[in-house]
Amino acid sequence: MSLRAIAARSEDSRRAARDAFPHAHIYSDYRELLARPDIEVVDVVVPSYLHHEIASAALAAGKHLLLEKPMALSLRECDELIALTRKQDRVFAVGHELRLSSLWGKAKELIASGYIGEPKYALIELSRRPYRLGSENWRYDITRVGSWILEEPIHFFDLARWYLSSLGEPQTVYATANSRQAGHEELKDNFTAIVHFRAALMPSYRRRLPHLNIIRP
C-alpha cells in the first residue's frame with residue numbers, strides 16, 4: 001500500500017504535506033481526492049464536526065475508511081455511517097490511537113495472558129489542563145466539538161472496552177457532569193461515568209462493576 005494523495009484546507013498544511021510527501025498529490029478539496037479511482041482507502045483526520053460529512057462522502061465514493069475518533073457528534077450520525085458502510089460493503093474502522101501504543105498494548109498483553117488475574121473492576125481517573133483551542137477555536141464551540149467527552153475521555157472508554165473484553169459489550173452507562181467555566185456551561189469539564197458490562201449483569205457473576213471516573217479540573 002502506498003500514499004497517493006492528501007487533501008488539506010489550509011495552504012500551510014498543504015505546504016507541509018508537499019515537503020513531507022513529495023510523491024503524493026496534494027489537494028485543497030477532499031472531493032477531488034475521493035474522485036480518484038486509484039484511491040482505495042481513506043484516513044479522515046479532521047475536526048470532529050466534519051467527520052460525518054467527509055466520512056459519508058468517502059463511503060459513498062466506494063472507499064474503505066479509517067475515521068479518527070470520535071465517529072461523529074451524535075448517535076444518529078453514527079448510525080447513518082454504519083448503514084452506509086453496510087450498503088456500500090466497505091471496511092470502516094474508527095481509530096483509537098492508544099490501541100497502537102506499546103505502553104497501553106503491554107497492559108492489554110498482561111491482562112490477556114492472565115498475568116494479573118481475572119479483571120473484575122477498572123477505575124480510570126484523568127485530570128488535565130483545558131484543551132488546545134484548535135483551528136478557529138473549534139474545540140470551544142459546542143456545535144463543532146459536540147462534547148469534550150468525545151475529545152479525551154473517549155480514549156479511556158475505549159481502553160476499558162479493550163481491557164475488559166472478556167466481560168462482553170457494555171450494557172448500561174450512568175454519567176453525570178458539570179462545568180466550572182464561567183460562560184461555558186455547555187462544555188462539561190467535570191465528568192464521572194459508571195459502565196456496566198454484560199457479564200457483570202449476569203446472575204452467575206459476582207463482579208464489581210467496571211467504573212470509569214473521568215475528572216477534569
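Strands S4 and S5 pair in the parallel sense over four bridges; two strands count as paired if DSSP finds at least two bridges between them. The model is predicted, so local features need pLDDT of at least 70 and side-chain atom pairs count only at pLDDT 80 or more, while totals for chains, interfaces and linings use all residues. Residues are numbered from 1 along each chain as its sequence is written, and side-chain values use heavy atoms, with hydrogens and water left out. Helices (H or I, at least four residues) and strands (E, at least two) are DSSP runs, numbered from the N terminus.

**The sheet**

- Three strands make an open sheet with parallel pairing, in the order S3-S4-S5.
- Strand S3 (41–44) and strand S5 (92–95) are the edge strands, each pairing on one side only.
- On average, neighbouring strands of this sheet are turned by 15° against each other, direction ignored; axes are lines fitted to C-alpha atoms, for helices over the stretch in contact, and angles run from 0 to 180 degrees between N-to-C directions.
- S3 also pairs with strand S4 (residues 64–68) in the parallel sense, over four bridges.
- Between these two strands, Val-41 has His-64 as its bridge partner, Val-42 stands opposite Leu-65, and Val-44 has Leu-67 as its bridge partner.
- On the S5 side, Glu-68 stands opposite Gly-95.

**Faces of the strands**

- In a regular strand the side chains alternate between the two faces of the sheet.
- Buried means under 20% relative accessible area, exposed over 50%, and partly exposed in between (1.4 Å probe, protein chains only).
- In S4, Leu-65 and Leu-67 form the covered face, and His-64, Leu-66 and Glu-68 the uncovered one.

**Crossovers and helices**

- S3, H3 and S4 make a right-handed β-α-β unit. Right-handed means that, with the strands pointing away from the viewer, the path from the first strand over the helix to the second runs clockwise.
- From S4 the chain crosses through H4 to S5, and this β-α-β crossover is right-handed.
- The axes of H3 and helix H4 (residues 75–88) come within 9 Å and cross at roughly 10°. H3 is therefore roughly parallel to H4; angles under 35 degrees count as roughly parallel, over 145 as roughly antiparallel, 65 to 115 as roughly perpendicular and the rest as oblique.
- Residues of H3 that meet H4 include His-52, Ser-56 and Leu-59, and those on the H4 side include Glu-77, Leu-81 and Gln-88. Contact means heavy atoms within 4.5 Å.

**Elsewhere in the chain**

- Helix H7 (residues 153–163) is largely enclosed by the rest of the structure, because nine of its 11 residues are buried. Among them are Ile-154, Phe-156, Leu-159 and Trp-162.
- Asn-190 lies in strand S8 (residues 190–197) and counts as buried because its relative accessibility is 16%.
- The side chains of Asn-190 and Asp-189 are joined by a polar contact of 2.9 Å. A polar contact is a pair of N or O atoms within 3.5 Å; within protein, one must be able to donate a hydrogen and the other to accept it, and residues adjacent in sequence count only if both atoms are side-chain atoms.
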